[in-house]
Amino acid sequence: MSVTLIGKHEKDSRANRDGYVEAMLEMMAENEKLVHVDCDLMGCINTGKLREAYPARALNAGIAEQNAMGVAAGMAATGLTVFVHSFGCFASRRMFDQAFLSAGYSELPVHVIGSDPGVTAAFNGATHMPFEDCALYMTIPNAVVIDSCDFVQTKSLIKKLAACGQPSYMRLIRKGFTTIYADGSEFEIGKGIVLRDGTDVTVIASGILVDEALKAQEMLVRDGISTRVIDMPTWKPLDEALILRAAAETGCLVTAENHQISCGLGAAVSGLLTEKCLVPLERIGIQNRFGQVGPQDFLMREYHLMAEDIAAAARKAIARKKN
């Protein structure tokens, strides 16, 4: 793993979905057994480019997500490596039974891409706003679950998923994200990345909350608080060694996720700490609520996913540690 941090809090001019498309085009040119299945959303994530280049290996299953998963698993059973995409709400809640049995139980390399995770669904509203998508896939015993944060990380991890041989679920921010990493950075499944070092508290974040965590670190340093920031793109398998080292060295943690805190990244970290290193933990994320319609910046404030929320949680965790 080799990464270079940008850290400028600037929106990327590229669409994150094109990180997926570029990776797929490169891999499909080299691997004739790689296939993409879409659910009538090729225009949404630009996978029409895959269909133009490889019409026999980029298939539209229509608005029939459960059938799409069955088709994907059937093709995987013949020796193909299959990526299947829909909006995160449909890629999780609607596809889940087929994903659990046809891909997970059958140990087939079907890689599910769920776009517009959490508040990034924005104006699509509550019906299309998955706050529990990762939790469902985390219950599949052999599945890999990833919440990527930017174009570079997405492109790198898509290639790693294609080679891993396990079923997986990956969240995909379509556009409007902040650049975290420089081009050429490479990532590994199951490994977190220390973005900033610190000694007073550790913030573990993923997806769109990574940039908010970096902003929170900058707020806290002005108050003399030394904050370690870790990007944790893989929720399963979790980088337990990195988390436990941070817990031992800083004595308290904050998790930050665009997901229900009861069943996602924070819950996974909490379970680990309870078993192996009991320290104060504060969790930033969706707190037992449904989604709603609105622009992403409004929704992030509404659900308390902002840098100031992370900074406040860090101060609370430190106070608990001292007490």
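In the predicted model, Thr 154 is found in helix 8, which spans residues 151-164. The residue is buried, its relative accessible area being 0%. Beyond its neighbours within four places in sequence, Thr 154 is in contact with Asn 16, Gly 19, Tyr 20, Ser 148, Met 170 and Leu 172. Arg 320, by contrast, is 166 residues away from Thr 154 along the chain, and the C-alpha atoms of these two residues are separated by 36 Å.

Helix 9 comprises 13 residues, 209-221, and reaches 18 Å from its first C-alpha to its last, close to the 18 Å expected at 1.5 Å a residue. Its buried residues are Leu 209, Val 210, Asp 211, Glu 212, Ala 213, Leu 214, Ala 216, Gln 217 and Leu 220. The elements that cover these buried residues include strand 7 (193-196), strand 8 (201-205), strand 9 (227-231) and strand 11 (253-260), together with helix 12 (296-302) and helix 13 (307-322).

The crossing of helix 9 and helix 13 is right-handed. On the side of helix 9 the contact is made by Leu 209, Glu 212, Ala 213, Lys 215, Ala 216, Met 219 and Leu 220, and on the side of helix 13 by Ala 307, Glu 308, Ile 310, Ala 311, Ala 314 and Arg 315. The residues of this contact divide into nine nonpolar and four charged, with no polar residue.

Most residues other than glycine have a negative phi, and most peptide bonds are trans. Lys 236 and Pro 237, however, are joined by a cis peptide bond with an omega of about -5 degrees, and Pro 237 is found in the loop between strand 10 (234-236) and helix 10 (240-250). A positive phi, near 60 degrees, is found at Asn 288, a residue of the loop between strand 12 and helix 12 that is exposed, with a relative accessible area of 76%. The loop between strand 12 (281-286) and helix 12 also holds Pro 295, which counts as partly exposed at 34% relative accessibility. Pro 295 and Phe 123 are 172 residues apart in sequence, yet their C-alpha atoms are 6.3 Å apart in space. In the loop between helix 12 and helix 13, His 304 has a positive phi of about 60 degrees although it is not a glycine, and at 45% relative accessibility His 304 counts as partly exposed.

Conventions
Residues numbered from 1 in each chain as written. Predicted model: local features only at pLDDT ≥ 70, side-chain atom pairs only at ≥ 80, totals over all residues. Heavy atoms only, no water. Helix = DSSP H or I, 4+ residues; strand = E, 2+ residues; numbered from the N terminus. Expected span 1.5 Å × (residues − 1). Buried < 20%, exposed > 50% of the residue type's maximum accessible area, 1.4 Å probe, protein only. Contact = heavy atoms within 4.5 Å. Left-handed = near helix turned anticlockwise from the far one by under 90°. Nonpolar A, V, L, I, M, F, W, Y, C, P; charged D, E, K, R; others polar.
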